[in-house]
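Here are a few friendly notes to read alongside the model. Please keep the 3D view open and find each residue as you go.

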Amino acid sequence: MSAETAPSTTPAERDARALHTDGHPISPAEIAIGVIIGRTSEFFDFFVYAIASVLVFPKLVFPHLDPLEGTLWSFAIFSLAFLARPVGTFIFSWIDRTYGRGAKLTIALFLLGGSTAAIAFVPSYHSAGIGAALLLALFRMGQGVALGGSWDGLASLLAVNAPEGKRGWYAMIPQLGAPLGLIVASLLFMFLIAALPAEDFLDWGWRYPFFVAFAINVVALFARLRIVVTPEYAELFEDRELEPATITDTVRSEWRIIAMGAFAPLASFAMFHMVTVFPLSWVFLFTEETPIRFLMIEAIAAVVGVLSIIASGYLADRIGRRTLLGGTAAAIAAFSGFAPQLLAAGEAGEAAFMILGFLILGLSFGQSSGALSSNFSPRHRYTGSSLTSDLAWLFGAGFAPMVALWLSSEFGLLAAGGYLLSGAIGTLVALWLNRELARTID
């Protein structure tokens, strides 16, 4: 069905609109709140799985391997969600065009919540053998497909409606979900580890965060539907500002912007995993430090990340987003030179690594996504932004924990710093090669 003949609403969507619309227009502040809630729920899912990939799955699913091998295999399964995201975008773009965005979002978020809750029932290797790993991989791919379909266009709506001189400020709002999700996930795991004996935590305690993730997804669904089904959103949709075009048409028409959007944030996304998932695995495997203390450090550093993301919006509107992206890529390159020494310098060094890392990450990550939304033609903005996000996470972050851990275990922490440096170089090269497009994001 073509975009011109696709229904703008479905009966389910009209019912949702009647339920959620109370007669007043949706303000930019309400859109921002919906975006933050949605992104926080997605990143909470992300970090719950990431933390379990280090603390739980190597012992639960791969106990027949040594701890390092088990963690590397756990990270390999972790990567499957990023491979599955573009597939989800393809499937759910058809659902969007055929049945409406309300139906798409509802199905995607229940698939995400269902896949996340199903992980809580994954059996151990001792009871299911290799079947435990296969089930974990299946549910992880379910999460990835769902994330590909959970794109609601609200971040693009913020970007295209940002007041003059405030584009950087509005661009950073969706990014707040990452540190907020990490804070909640870290504190929840920290509480469970502290409250339960190790045997009980590995037996059943680790499963509770996945149930919590399902509940948060339900809340996020209603918060997002509250905006997505409004007449104002529908009007933008019908004016082709947020129209779901086909993937093939979008790639054929907008491939250059999609490519730049995928590679420009490499530094930020590589840094993202270097200060979240990777250091937890390194500390857990190669030091005597307890997970509780490091999870607390992560939560505190994430608070710094929140403040830094907010500061990125202020700076981007004053010095330009391209300048900030280039400057933070250079800062990440410099950080890669001494970060390994910090992480290997004991408890004080670990804390310095995390806090300084989140400070730089926030400035970079706050402007790393959605920078090119306004560069898409109106017809392709909705689908193009979704596809760009999928590819950026795949190339920049999907394999980062596994590669960084393998490099550091084989060649030392300096090699992990080299991996981070490659991401920074990728961003700087992408911005340099794309001068004409880069001028339009200032």
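1. **A nonpolar patch.** Trp 169, Val 303, Leu 307, Ile 310, Tyr 314, Leu 315 and Ile 319 form a nonpolar patch on the surface, and together they have about 610 Å² of accessible area. A patch takes residues with over 30% relative accessible area and no salt bridge, joining nonpolar side chains (Val, Leu, Ile, Met, Phe, Trp, Tyr) within 5 Å and like charges within 9 Å. A salt bridge is a side-chain nitrogen of Lys or Arg within 4 Å of a carboxyl oxygen of Asp or Glu. Areas come from the Shrake-Rupley method with a 1.4 Å probe, and for residues only the protein chains shown count as cover.

2. **How to read the model.** This is a predicted model, where local features need pLDDT of at least 70 and side-chain atom pairs pLDDT 80 or more, while totals for chains, interfaces and linings use all residues. Residues are numbered from 1 along each chain as its sequence is written, and side-chain values use heavy atoms, leaving out hydrogens and water.

3. Helix 17 (residues 291-319) gives the most to the patch, with 6 residues. Helices (H or I, at least four residues) and strands (E, at least two) are DSSP runs, numbered from the N terminus.

4. **Aromatic pairs.** The whole structure holds 34 aromatic pairs. One of them joins Phe 78 and Phe 82, which are tilted at 55° between the planes and 5.6 Å centre to centre. Rings of Phe, Tyr and Trp (its six-membered ring) pair if their centres lie within 6.5 Å; planes under 30 degrees apart are stacked, over 60 edge-to-face, and the rest tilted. Phe 78 and Phe 82 are both buried and sit 4 residues apart in helix 4 (residues 67-99), about one turn.

5. **A charge over two rings.** Look for Arg 140 next. Its charged end sits over the ring of Phe 78, 4.8 Å from the centre, and Arg 140 also lies over the face of Tyr 49, at 4.2 Å from the ring centre. The test asks for NZ of Lys or CZ of Arg within 6 Å of the ring centre and within 35 degrees of the ring normal.

6. **The whole protein.** Finally, zoom out: the protein has 23 helices and 0 strands, and 59% of its 442 residues are buried.

Notes:
Buried < 20%, exposed > 50% of the residue type's maximum accessible area, 1.4 Å probe, protein only.
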